[in-house]
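The sequence and structure come first.

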Amino acid sequence: MGTIRVQIHTDEGPIEWEFPMKDSVLEDKLQYIGGSEIPISSVIWPDGLHMLNGIKVCTDELNFLARSIERFDDSEYNQFMAAASLEKSPDLERLINLSFNINHYTVIRDVSDLAGIGQYHLLNIRGSLSKTELETIDFAQVGRDLLSSGKGIPTEYGLLFENKEVPFQQVYDGTTFPPYLYKGNEVAIIHMHYQGRTEYLYLPEESISIKKALKRLDAPCLSDCTMEMEIFNCPDECWWDRLETNFEIAGLYEANYLAEVLARENIDLHKLLCVTDYAEVVSGGDIQKLADHLDDFIFIKGAQTPAGVGEYVTRQEHGYEAGEYLRDFLDYHKLGEYFIQEREGEFMTGSFVCMEEGCDVVKILHEKRNEIELGGM
């Protein structure tokens, strides 16, 4: 189930949408109804966002709010929903800012554990507690003082207290979205600036997401923006260098193609590195094509001599099989030399790489590049 589920009115009757969704999916849905806003008949889930009933909202803002809520743990979710349920103004800008200011509130669901209440409340206010504070503070008294203050507001999510000592910060100005991480597979973060405004991209991104960020900046094109890349979750230093090179020399889109490869699950990046060197490619788009065809390459990890190649092919390659009793009579070195020459193979960083029979690296690199499509959120 999505973080937010709404019923919207269309000329053909009511339909339900779940947020968050990929920007490409959202764009397809908007093509169906037209415009970038949707008229919400009712919020099906969660009830705490009832103030959005009966109004038109910006879909990008609603999608961002859903993504922001999605990253919460149970305690944070209750803090946000308790505070949001008291909002009377149907303002997504306010709700987005609220999702980044949950420590401005404390929500108590169980009033029986005074020490737990006190510790939780102070952690909300301060963010962390030192070892000395944990050993010396009378948390039960802190909890008792909070509950007896008379400032708690009952909500369906618990007793809500506003922590006025924690400033409420406006992180969203109604134009450009604040930084946040939600996908879990971010390889790099792009800080994109234009005329005093900043947008953030979390590579890999869909192409439509990059276009939306440009639109929020009101920037004509990427070349009009200044950008910096922050490496976030790149596998190792070698790939960092290639990602930075693509970004600095070839630009954002080439870096994005490479980031999409680096974010894939279960990809053999060591094999890909050797295949990339074998094919002598550096651009993110070409590396992406090689990654799509990684099974078209033979990779013998640790093979450093023709003999090692020869021994491998007698065990693994169709047409080169040798029975157990014949292996002692084979010249693995000569067989390896023949195989290397036939397949135009090379030794790369302590391993061996060549193409599978019938495959052609030139054809792979001349294939049309597909738009990046990311997995579900």
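Helices (H or I, at least four residues) and strands (E, at least two) are DSSP runs, numbered from the N terminus. The model is predicted: local features need pLDDT of at least 70, side-chain atom pairs count only at pLDDT 80 or more, and totals for chains, interfaces and linings use all residues. Residues are numbered from 1 along each chain as its sequence is written, and side-chain values use heavy atoms, leaving out hydrogens and water.

**Ser351**
- Ser351 lies in strand β13 (residues 351-355).
- The Ser351 side chain reaches the backbone nitrogen of Gly302 at 3.1 Å.
- Beyond neighbours within four places in sequence, Ser351 has contacts (heavy atoms within 4.5 Å) that include His270, Cys274, Phe299 and Glu346.

**Helix α4**
- Six of the eight residues of α4 (residues 92-99) are buried, so the helix is largely enclosed by the rest of the structure.
- Those buried residues are Leu92, Leu95, Ile96, Asn97, Leu98 and Ser99.
- Their cover includes β4 (56-58), α2 (59-70), α3 (74-84) and β5 (105-108).
- At the N-terminal end, Asp91 caps α4, with a side-chain oxygen 2.9 Å from the backbone nitrogen of Glu93.

**Helices α9 and α11**
- α9 (residues 237-250) and α11 (residues 269-279) pack at about 50°, with axes (lines fitted to C-alpha atoms over the stretch in contact) 11 Å apart.
- Cys238, Trp239 and Arg242 of α9 meet residues of α11, among them Leu269, Leu272 and Asp277.

Notes: Axes fitted to C-alpha atoms, helices over the stretch in contact; angles between N-to-C directions. Polar contact = N/O pair within 3.5 Å; in protein donor to acceptor, adjacent residues only side chain to side chain. Buried < 20%, exposed > 50% of the residue type's maximum accessible area, 1.4 Å probe, protein only.
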